[in-house]
Every structure is written in structure tokens, then in C-alpha cells.
Amino acid sequence: MSKVAVLGYGTVGSGVVHVLTENSSIITEKAGEPVEVARVLDLRDFPGDPVSDVLTHDFSDIENDGDIDVVVETMGGTKPAYDFVKRCLLAGKSVCTSNKALVAAHGTELIRIASEKGVHFFFEASVGGGIPILRPLNRCIVADEILSICGILNGTTNFILTKMADEGSDYGEVLKEAQSLGYAEADPTADVEGHDTCRKIAILTALAYGAQVDYEDIKTEGISGITKEDIEYAVKSGRKIRLLGMSRKENGRLYALVAPFMIGPSNPLYSVDGVFNAITVTGNMLGDVMFYGQGAGKEATASAVVTDIVEAVKNRDIPVTIRWDEKKQEIAPADSMKNHFFLRVGAAEKDKLRSLGDGESISAPDGCDGEVGFITDIMTETELNEKLEGFHDIRKVIRVL
Ligand code: HSE
């Protein structure tokens, strides 16, 4: 019998208890022994909820309970999650978390402590919700040099961008709906400004290349500046706007970026709508593989956490190596990364657009009179900015993949 404690009985934490209860016989079979929720830590009370029997408001009840061998951290944020997780690992307990902020900020140290204590620190649910992506990167795609990772990593923003395009809905209205469905972070700024995606691509990049990535080194732009008109231009050109997190090797340098991109139907991420996430990984031998599924939501995310619990129980006395060296990887400046760019410029600038290559013109949608849309040839951001120096009326720039 394995005894599990859950730190934080919110959306994901309650999902973990639900999955463990609902699928208990399958989980017992896969883990090789029953898995019981022995303690739940939360500041709140839950009268009438079955967990009220095992509820505590005192973390030391968990830290000092020698029978608890796996702790699930679903509190979110780093305070007090970092302190609690570290203390659990130091107390010889494995930890499974869905908390990308924690992993991106302290993953290096927590992985090292877990390894020194002979326990596990697993975080599959921290990226892509229910999609198995971290374990495949760490344990399956091991014969390749990874050339690139590119993903739709945030369900809330994908939900917003999809609804804005499909229904012409208002940004704020759709955001509220995403929040009520439990997709958004407590403070949705982290979703819409790309911070959530930034932490996820930092984790993916660390695992892909086997060394720490400082998420603060990743240039991050969100979707709050994307308008209905930008989306109409994308639709007119047969494209969609998606918030992407990407890292790629170019000329021996490692780039990473989070930004809204226009993507066309030949890109596998084009068909990823709503709250779904997808990640494409390109290996030098493997070519492209894509992982697709629910990137947010209670049960999907909880399913990934429970998979980690099963792995921790099954491998109780077996080390599982996570390649994540302490030496930080250098991220090259994003302005030397090559992309196409979509521009909206005033009609008076039309003749100057020739300096940006043969490109593709997009006629202005209704409501955008007096301007033109154009997609440039491939170039770096530095080159683009140099070429745009003579322009006086630039209304929007969005990268194009
Ligand atoms: N707020 C996140 C999202 C939750 O919308 O994808 C999953 O990390």
C-alpha cells in the first residue's frame, strides 16, 4: 500500500483525488499495490467532501508522517510550494507536481535533491496538461539530436484565439469563459502575457538538451495586443494566429521564443483548436513527431499527475535519471532568429514593402481601410528592423511560421 498526500485541493488537486478514486483498480494493477490518499493539505475546509476525513491545515502532519511516501503538489506558484516540496524530498518522499512555475524556477535544485535522497521528483503535468511529453523527451527520444520544439502550450490563450476567430467573440468575454471552465491560472495575466508558455518551453528545452534553462532569458510576448482585425487578416490569408512556445537550433545556437505567430494549414499545429495543446518535436533522425491532447482542465491534468504517482510507486527503489544539468544553457538573442513577418502598414507605405522581399500581399479586411497587409521573406528581426527604419506608419508586426 502506498500512502499519498495532496498539497492543495483546488482544480488539479481535487482532480487527482477523483482519478485515484474513480480508477483505483486500474491504478492498483499498474502500480503493483493500492494507492491511498492519506492526507490532503489546504487552508480551506470542505464540509461534506470525503476528503474532510483526511484534511489538515498543518503541513508538518505530512512532512512528519513516515508512512506517506508520495506527495502531490498542486498548489501552484512558488510560495509556499517550493519550501514544502523541498522539505518533502529532504524527508525522503517522492514528489509529483503539476506546477510549472515551481519546476521552471527550482527544477534544477529539486531534481538534484531527489536524486541525492533516492526519491523521485516528477512533473509530467507541468507541461501540456494531460499530454505525455516530458517522459517521452526524457526516456524515449534519446537517439536524436533535437533540432526544434514548437508548441501550443497554453489552453486558455488557444481557447481565446479560437473563439475570437470562429465566433468573432470579444476577448474579455472568452477569457471569463476560460476561467469558469478552470483552464486559466488564478491570475490570467500569466496566460495571456505568455508567462505560462514561457515556463513550459523552458522546461521542455531543459529536458530536450539536458541542462538548465533560465526562463527569464526567453523573449516572451503574449496575445493581449492581438486584435479582431489581426485575426481577420490571418483568416483572409488562410492562416490562424496561435501563441507558440518554441526552441530551435540554428547555426549551432539555441534560440527560444514565446510569441503569437500566424500559421498556415501545412503546419500540424494549425488544426489545434480550443483548449487543446500540441507539441511538435523534430529530431535529426526521427523527423517530426507531434503530441496532442488536453493541455488544461481538471481530469486531464490530474491524469498526468497520477501517472507520475504510479511511476514513483513502481520505481520506489529504482533511480530514474532526469537529464537536467546544473550548468545553464545559453539562449541566443531572439532578434537573430529567422522568421517571416506579417505587417500592417498605412497605404502610403505600400511601395516601400518591396524592400522586404517578394512576400505576399493581403488585402485589408473590412474596417481596416487605408492600410495594407504584407508577409515578408524570411529574415532576422534585426534585419527587419533595419529595413523598417524608413517606414512611418507601421500598425502591427506578427511573426509567421
Ligand atoms: N492556465 C494553463 C493553461 C493551465 O491555460 O494552459 C495548464 O497549465
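These legends go with close-up views of a predicted model. Numbering starts from 1 along each chain as its sequence is written, and side-chain values use heavy atoms, with hydrogens and water left out. Local features need pLDDT of at least 70 and side-chain atom pairs count only at pLDDT 80 or more, while totals for chains, interfaces and linings use all residues.

**View 1. The shell around the ligand.** Here you get K100, N154, G155, T156, Y183, A184, E185, D191, D196, K200, G295 and A296 around the ligand, each with a heavy atom within 4 Å of it. They split into three nonpolar, four polar (Gly goes in this class) and five charged residues.

View 2. The pairs here are N or O atoms within 3.5 Å. The side chain of T156 puts an N or O atom 2.6 Å from a ligand oxygen, and a polar side-chain atom of N154 is 3.5 Å from an oxygen of the ligand. On the backbone side, a polar atom of Y183 lies 2.7 Å from a ligand nitrogen. On its own the ligand exposes 260 Å², and the protein buries 92% of that (Shrake-Rupley, 1.4 Å probe).

View 3. E109 pairs with K86, with the closest N and O atoms 2.8 Å apart. E109 belongs to α5 (residues 100–117) and K86 to α4 (residues 81–90), 23 residues apart in the chain. The model's count is 35 salt bridges, taking a Lys or Arg side-chain nitrogen within 4 Å of an Asp or Glu carboxyl oxygen.

View 4. Most residues other than glycine have a negative phi, and most peptide bonds are trans. The K79 to P80 bond is cis, though, with omega near 5 degrees, and P80 is in the loop between β4 (68–73) and α4. N251 has a positive phi, near 50 degrees, and lies in the loop between β9 (240–250) and β10 (253–263).

Note on methods:
Polar contact = N/O pair within 3.5 Å; in protein donor to acceptor, adjacent residues only side chain to side chain. Helix = DSSP H or I, 4+ residues; strand = E, 2+ residues; numbered from the N terminus.
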